[in-house]
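This report describes one protein chain, part by part. Please look at the sequence and the structure before reading on.

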Amino acid sequence: MQESKSRFWILIGVAVVVGALVGFGATMLATPAPPPTATFTVVAYHWGFAIYDEDGVEIPKIEVARGTEVTLLVIGAEALSTDIHEEFGHRTVEAWENKTAFGGKTGPEIHDEIEDAEDQGLMDHSVRISGYDVDIKTKAMSPSPVKVTFTADTAGTFDIICNFFCGWGHQYMALTGGFVVS
Ligand SMILES: [Cu+2]
């Protein structure tokens, strides 16, 4: 009687330990490691995009591993200080001078087109990622960026394009291969 009683308690003990292990295992399976995350700031200007990493360093394109939870902070250049804003305009003129974009017009003509777009109140742009359901419109003059988070679930090389009419150079506002998921 004494022996079977202690065997009973041993069995209970074993059951409790096994139960705890099964429970622990199930918890481990139910809570996979969180996905990697990455945040980038994208400045949209007349007529291009500038990308910055989490340290504020400008980078030529966004590169992430598949499955990364990507946060984009999108801001229109018009919302930045006049100096910075004008600096982006100079980039556009320089891009023309390097013959990398904006064919058919001279540097001063490009400069005039930028001023015309602003005079017409065409201050906003969008950041659309081809192949993804991502299209973020800037908020003119708002110093707070528009924030969007999505999962980079499709591998490949995608373009960042403006999908909101922003004047003459809108047609050229694209960063080919600007979003790469490996
Ligand atoms: Cu545009």
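## The chain as a whole

Take the contacts in the protein chain between residues at least 6 apart in sequence: 67% of them join residues at least 24 apart. The model is a predicted one. The protein chain has 182 residues, and 23% of these count as buried.

Three helices and ten strands are found in the protein chain. Read from the N terminus, the elements follow the order α-β-β-β-β-β-α-α-β-β-β-β-β.

Strand β1 covers residues 37-45 and β2 covers residues 48-52. A hairpin of two residues connects β1 to β2. The pairing of β1 with β2 is antiparallel and has five bridges, and in it Tyr45 is placed opposite Gly48 of β2.

The loop between β1 and β2 contains Trp47. The peptide bond between His46 and Trp47 is cis, with omega at about 5 degrees. In general, most peptide bonds are trans.

Strand β1 is also joined to β5, by eight bridges, and these two strands run parallel. Here Ala44 stands opposite Gly76, a residue of β5.

## An open sheet of five strands

Which order do the five strands of the open sheet take? The order is β4-β10-β9-β6-β7, with mixed pairing. At the edges are β4 (62-64) and β7 (134-137), each of which pairs on one side only. On average, and with direction ignored, neighbouring strands of this sheet are turned by 20 degrees against each other.

Strand β6 (residues 126-129) runs antiparallel to β7, and four bridges join the two. Ile129 has Val134 in β7 as its bridge partner.

Nonpolar side chains tend to be buried together in soluble globular proteins. In this model the largest nonpolar core has 26 residues, and those touching the most other members are Val42, Val43, Ala44, Phe49, Val74 and Val127. At least two core residues come from each of β1, β2, β5 (69-76), β6, β9 (156-161) and β10 (174-181).

What is Val74 in contact with, leaving aside its neighbours within four places in sequence? The residues are Val42, Ala44, Val127, Ile136, Thr138, Pro145 and Val146. Among them, Val42, Ala44 and Val127 are also in the group of core residues that touch the most other members.

## Two helices that cross

Two packed helices are described by the angle between their axes and the distance between the axes. For helix α2 (residues 82-97) and helix α3 (residues 107-119), the axes come within 9 Å and cross at roughly 145 degrees. The crossing of α2 past α3 is right-handed. On the α2 side the contact involves Gly89, Thr92, Val93, Trp96 and Glu97, and on the α3 side Gly107, Ile110, His111 and Ile114. Of these residues, four are nonpolar, four are polar and one is charged.

Ile110 belongs to helix α3. Is Ile110 buried or exposed? Ile110 counts as buried because 24 C-beta neighbours lie inside 10 Å, and the cut-off for a buried residue is 20 or more. Apart from neighbours within four places in sequence, Ile110 is in contact with Thr92, Val93, Trp96, Phe102 and Lys105. Gly169 is 59 residues away from Ile110 along the chain, and the C-alpha atoms of the two are separated by 8.4 Å.

Notes: Residues numbered from 1 in each chain as written. Predicted model: local features only at pLDDT ≥ 70, side-chain atom pairs only at ≥ 80, totals over all residues. Axes fitted to C-alpha atoms, helices over the stretch in contact; angles between N-to-C directions. Left-handed = near helix turned anticlockwise from the far one by under 90°. Contact = placed C-beta atoms within 7 Å. Nonpolar A, V, L, I, M, F, W, Y, C, P; charged D, E, K, R; others polar. Pairing = 2+ DSSP bridges. Core = buried A, V, L, I, M, F, W, Y, C linked by C-beta atoms within 7 Å. Buried ≥ 20, exposed ≤ 12 C-beta atoms within 10 Å, placed from the backbone.
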